[in-house]
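Below is a short report on one predicted model. Please look at the fold first, then read on.

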Amino acid sequence: MSKTIFITGASSGIGKALAFEMARKGYGLALAARNHESLRKIREEVHRTYSPPVTAIRPLDVTHYNDVYAAFSEMAEETGGIDIVLANAGVGLGEKVGRGDFDKAKQTLEVNLIGAIATMDAAAAYFLQKGKGHIVGISSVAAFRGMPKSSAYCASKAGLAVYMEAMRAELYRKNIDITVLYPGFIDTSLNDMLPSRPFLISVEKGAQIIAKLIEKKVKSSTVPVFPWNIVGRILKILPTAVIARM
Ligand SMILES: NC(=O)c1ccc[n+]([C@@H]2O[C@H](COP(=O)([O-])OP(=O)(O)OC[C@H]3O[C@@H](n4cnc5c(N)ncnc54)[C@H](OP(=O)(O)O)[C@@H]3O)[C@@H](O)[C@H]2O)c1
């Protein structure tokens with residue numbers, strides 16, 4: 001029987017590309033994001049191209065935390081069951097420290113960290129009851145080192161990774177797999193305004209790699225694996241004088 005994946009932030013970028021990639025592989029889809037019109041178009045196009053077993057769509061703002069739990073159970077019901085959850089919804093607002101950007105920092109943490117925790121907590125409750133499941137979180141290489149002009153973004157992604165590490169230990173031997181992914185630069189509107197995007201890959205390529213890592217049920221990985229597995233380690237030890245120029 002085919003599996004179904006629940007994806008937050010599925011209306012654009014990585015979430016959208018992954019919806020297509022998973023449909024191509026025969027998975028059922030439960031897609032959530034704030035932009036319902038985009039989700040409708042994606043459902044239409046996915047059905048025209050791949051006829052996946054099921055596609056449920058639902059508007060969801062992950063900062064409406066109670067609604068995350070409601071969305072999860074509604075979509076589990078509508079699709080006949082969810083097997084994999086991808087906490088992907090996120091923002092990158094380019095906040096600066098001490099420059100009146102506190103609201104941006106707060107929003108970043110609310111979406112990227114607390115919204116993701118709500119998604120994964122709803123998933124864990126459901127999978128504990130079901131007796132199995134797979135939770136995947138999209139962190140970032142920004143979790144490896146605090147970078148200028150993205151302090152809250154880096155903190156949100158590092159927080160997500162550590163939360164998931166704790167979740168893996170707490171859910172040990174509960175038959176729930178935990179996968180933390182650390183993408184480098186993937187070509188989406190989240191970062192297309194940046195002057196430099198080293199080792200950039202297309203969103204389709206990113207989705208293919210992410211789909212493979214999900215199917216392998218890896219505990220954690222950079223995306224793409226190389227060169228970010230090496231660059232990530234170097235980032236951690238670079239002197240602040242070098243990081244400050246980035
Ligand atoms: N692109 C990269 O290079 C890269 C690298 C590392 C990590 N990431 C992470 O990958 C994830 C996806 O980013 P992306 O690059 O695909 O960017 P994107 O194209 O801007 O997509 C972000 C998605 O998140 C959704 N979203 C934003 N705020 C939301 C909210 N409050 N509630 C629900 N959904 C919300 C958006 O949908 P709506 O606006 O319709 O809600 C959109 O579908 C993010 O967590 C990002 O931090 C990206």
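Residues are numbered from 1 along each chain as its sequence is written.

**Ligand shell**

The ligand is surrounded by 32 residues. The closest are G9, G13, R34, N35 and G90. A residue is near a molecule or strand if its C-beta atom, placed from the backbone, lies within 6 Å of it. By type, the shell holds 12 nonpolar, 18 polar and 2 charged residues. Here Ala, Val, Leu, Ile, Met, Phe, Trp, Tyr, Cys and Pro count as nonpolar, Asp, Glu, Lys and Arg as charged, and the others, Gly among them, as polar. Helix 1 (13-24) and helix 4 (102-130) each give the shell at least two residues. Helices (H or I, at least four residues) and strands (E, at least two) are DSSP runs, numbered from the N terminus.

**Helix 1**

How far apart are the end C-alpha atoms of helix 1? They are 17 Å apart, and this agrees with the 16 Å that its 12 residues should span at 1.5 Å a residue. The expected span is 1.5 Å times one less than the number of residues.

Helix 1 is largely enclosed by the rest of the structure, because 11 of its 12 residues are buried. A residue is buried if 20 or more other C-beta atoms lie within 10 Å of its own, exposed if 12 or fewer, and partly exposed in between, with C-beta atoms placed from the backbone. Among the buried residues are G13, K16, F20 and E21. The buried residues of helix 1 pack against strand 1 (4-8), strand 2 (28-33), helix 2 (36-50), strand 4 (84-87), strand 5 (133-138) and helix 6 (203-216). Contact requires C-beta atoms, placed from the backbone, within 7 Å. Just after helix 1, G26 has a positive phi of about 95°.

Strand pairs are listed below. Two strands pair if DSSP finds at least two bridges between them.

| Strands | Sense | Bridges | Residues opposite |
|---|---|---|---|
| Strand 1, strand 2 | parallel | 5 bridges | T4 and G28 |
| Strand 1, strand 4 | parallel | 3 bridges | I5 and I84 |
| Strand 2, strand 3 (55-59) | parallel | 5 bridges | L29 and T55 |
| Strand 6 (176-183), strand 7 (220-223) | parallel | 4 bridges | P183 and V223 |

From strand 1 the chain crosses through helix 1 to strand 2, in a right-handed β-α-β crossover. The crossover from strand 2 through helix 2 to strand 3 is also right-handed. Right-handed means that, with the strands pointing away from the viewer, the path from the first strand over the helix to the second runs clockwise. What is the hand of the unit made by strand 6, helix 6 and strand 7? That β-α-β unit is left-handed.

T4 lies in strand 1. T4 is buried, with 25 other C-beta atoms within 10 Å. Beyond its neighbours within four places in sequence, its contacts include Y27, G28, V54, T79 and D83. T4 and A105 are 101 residues apart in sequence and 33 Å apart in space, C-alpha to C-alpha.

Two peptide bonds are cis. One joins V223 and P224, with omega about -10°. P224 sits in the loop between strand 7 and helix 7 (225-237). The other runs from F226 to P227, with omega near 10°. P227 lies in helix 7.

S51 has a positive phi near 35° without being glycine. S51 belongs to the loop between helix 2 and strand 3. S51 is exposed, with 10 other C-beta atoms within 10 Å. R173, also a residue other than glycine, has a positive phi near 65°. R173 is in the loop between helix 5 (151-170) and strand 6. R173 counts as exposed, with 5 C-beta neighbours inside 10 Å.

Y69 is in helix 3 (65-79). Y69 is partly exposed, with 16 other C-beta atoms within 10 Å.

Methods
Predicted model: local features only at pLDDT ≥ 70, side-chain atom pairs only at ≥ 80, totals over all residues. Contact = placed C-beta atoms within 7 Å.
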